[in-house]
Amino acid sequence: MSVEFLEWLQGTPLALYVGETWFPLVESLHVIAIAIVAGTIFLVDTRLLGLVSTKLPFTYVSERLLPWTWGAFAASVLTGVLMFIGNAVSYYENTPFRVKMLLLALAGLNMLFFQGVTFRSVAEWDLARPPAAARAAGLISITLWCGVIGFGRWIGFAS
Amino acid sequence: MSMQGVIDWLTATSLSQAIQTTSWAIPGIQVVHIVCLAILFALALSLSLRIAGRGLAREPLASLAGRFVPAMGICLAVLFLSGALLIIAEPFRTITNPIFYLKIGLLILAIALTLWLAAVARRPAAKPSAIHVAAAALSMLVWAGIIIAGRYIAYV
């Protein structure tokens, strides 16, 4: 990404306004959004591991919780972008920020692989213990999202 | 002992010194704190939705509350412990900060609302009324307020 673009971004009136006035509130809303995203994902992932909610079908748990995950994810992207534009150049060069984006991408790939491959046989294990591939997807997801939170918090300590 | 006396004494303890002089300790403890609050918040959201007849509505309310309320208690215990470590490490950030006391006040309210709703949920054939749904919605606003106050501790 070009430095000129990032510099333009952080000079926009919106970026300046957020940076001067609204940063703590936007950051707080980002934490609430992340809490819903990661928290609901952990509930679905622990069901995938066969640890909790085992009397409910996996498809039911995920159908009822994931709309909240996606809604909160949209909110976390919006608040994240608002924080990013305020200091675009330094965030872009911030190592924890880059690692966080990488882990987010890996979490997305893990989800796509699960949806496209492992989930196809869900009828066979919807109420039983999920197969090893499904449990692995759950464990990988929990690990990656802990990493997203961890490196996300580290951004503020590294800049 | 004055507030400043408490701060000076806490800052001088060997535990406080150990956390202060370990570069990754404070962000590390904060990450544990945030992961636990994420789990707690999602459990509170699921319980509140269930009280409103939404979310995991296929499971009886008493059963869901029986699973989620104790899990919320475990999360709270870890949050208290990690929060206490953060206060011991940097007492000057919290002990004289009014936002910290606002956060504690909201926390007491959230716990009281949750315990009340849990008691309602545990009744056999519990059927929450509009007042319980309102209390569940209020509890979510209070949990959100606790998160906002927690973040503002760093800015006030």
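The mean pLDDT (the predictor's confidence in each residue, from 0 to 100) of chain B is 95, and 100% of its residues reach 70 or more. This is a predicted model, in which local features need pLDDT of at least 70 and side-chain atom pairs count only at pLDDT 80 or more, while totals for chains, interfaces and linings use all residues. Residues are numbered from 1 along each chain as its sequence is written, and chains are lettered from A and ligands numbered from 1 in the order in which they are written.

**Confidence**
- The model has an ipTM of 0.95 and a pTM of 0.95.
- For chain A the average pLDDT is 96, with 99% of the residues scoring at least 70.
- Within chain A, helix α5 (residues 95-116) has the highest confidence, at a mean of 98, and helix α1 (residues 3-11) the lowest, at 94.

**Chain A**
- Chain A contains seven helices and zero strands; helices (H or I, at least four residues) and strands (E, at least two) are DSSP runs, numbered from the N terminus.
- Along the principal axes, the C-alpha atoms of chain A fill a box of roughly 55 × 25 × 25 Å.
- Of the 159 residues in chain A, 35% are buried, meaning that 20 or more other C-beta atoms, placed from the backbone, lie within 10 Å of the residue's own.

**The contact between the chains**
- In total, 22 residues of chain B are in contact with 24 residues of chain A, where contact requires C-beta atoms, placed from the backbone, to lie within 7 Å.
- On the side of chain B that touches chain A, the elements giving two or more residues are α3 (25-51) and α7 (130-152) of chain B.
- α3(B) gives the most to that side, with 12 residues.
- By class, that side of chain B has 16 nonpolar (Ala, Val, Leu, Ile, Met, Phe, Trp, Tyr, Cys and Pro), three charged (Asp, Glu, Lys and Arg) and three polar residues (the others, Gly among them).

**Helix α2(A) against α3(B)**
- The axes of helix α2 (residues 13-48) of chain A and α3(B) come within 7 Å and cross at roughly 75 degrees; axes are lines fitted to C-alpha atoms, for helices over the stretch in contact, and angles run from 0 to 180 degrees between N-to-C directions.
- The two helices, α2(A) and α3(B), are therefore roughly perpendicular to each other, a term for angles of 65 to 115 degrees.
- Residues making this contact include Ile34(A), Phe42(A) and Leu43(A) of α2(A) and Leu37(B), Phe41(B) and Leu45(B) of α3(B).
- The residues of the contact of α2(A) with α3(B) comprise 14 nonpolar, three polar and no charged.

Notes. Two residues are in contact if their C-beta atoms, placed from the backbone, lie within 7 Å. A residue is buried if 20 or more other C-beta atoms lie within 10 Å of its own, exposed if 12 or fewer, and partly exposed in between; C-beta atoms are placed from the backbone. Angles under 35 degrees count as roughly parallel, over 145 as roughly antiparallel, 65 to 115 as roughly perpendicular and the rest as oblique.
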